[in-house]
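Notebook open, structure about to go up on the screen. I'll start with the charged pairs and then zoom out to the whole chain.

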Amino acid sequence: MLINDEAKLIVDNYALTRCARCNFCESVCPTYAVSRRRVYGPRGRIWIIVFLSQGVKLSNDEYTGLLTCLGCRACDLACPAGIRIAEAIHDAKALLVKAAL
């Protein structure tokens, strides 16, 4: 299975396209609080996973943004849409590691 096909499963399984872009998740994200850069926040990471599912080649900054998630799950608790963002990010990180092997 290709990386973008597996990323599509992540997008579908966690309903990432339900993101309403409300920014509640970013207000509680420790890496976003330090960097103030979208790529290091949950919203940015959601769209990085969506880009992966579309076959977009990621920049080094986008890879770093995805891989620097602490997995604290604060974004999951803050999300009014109930998206399990941290779990989706965890699965995407595992996918990237698998693809690198």
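Predicted model: local features only at pLDDT ≥ 70, side-chain atom pairs only at ≥ 80, totals over all residues.

I'm calling something a salt bridge when a side-chain nitrogen of Lys or Arg sits within 4 Å of a carboxyl oxygen of Asp or Glu. Residues are numbered from 1 along each chain as its sequence is written, and side-chain values use heavy atoms, with hydrogens and water left out.

**Entry 1: the salt bridges.** I searched the whole structure and got seven salt bridges. I looked up Asp 76 with Arg 73, whose side chains pair at 3.7 Å, N to O. For burial I use relative accessible area: buried is under 20%, exposed is over 50%, and partly exposed is in between (1.4 Å probe, protein chains only). Asp 76 comes out buried at 16%, whereas Arg 73 is partly exposed at 39%.

Next I checked Glu 87 and Arg 84, which form a salt bridge at 3.1 Å, N to O. Glu 87 is partly exposed at 24%, and Arg 84 is partly exposed at 40%. I then found that Arg 73, Asp 76, Arg 84 and Glu 87 are linked in a network of salt bridges.

**Entry 2: Arg 38 and Glu 26.** What is the N to O distance in the salt bridge of Arg 38 and Glu 26? I read 3.0 Å for this pair. Arg 38 is in the loop between helix H3 (30-35) and helix H4 (42-53) and Glu 26 is in helix H2 (residues 24-28), so the bridge ties together parts twelve residues apart in sequence. Glu 26 is buried at 3%, but Arg 38 is partly exposed at 40%.

**Entry 3: the fold.** I get seven helices and zero strands for the protein chain. Helices (H or I, at least four residues) and strands (E, at least two) are DSSP runs, numbered from the N terminus.

**Entry 4: overall dimensions.** Along its principal axes, the C-alpha trace spans about 35 × 25 × 20 Å. I also noted that buried residues make up 43% of the 101 residues.
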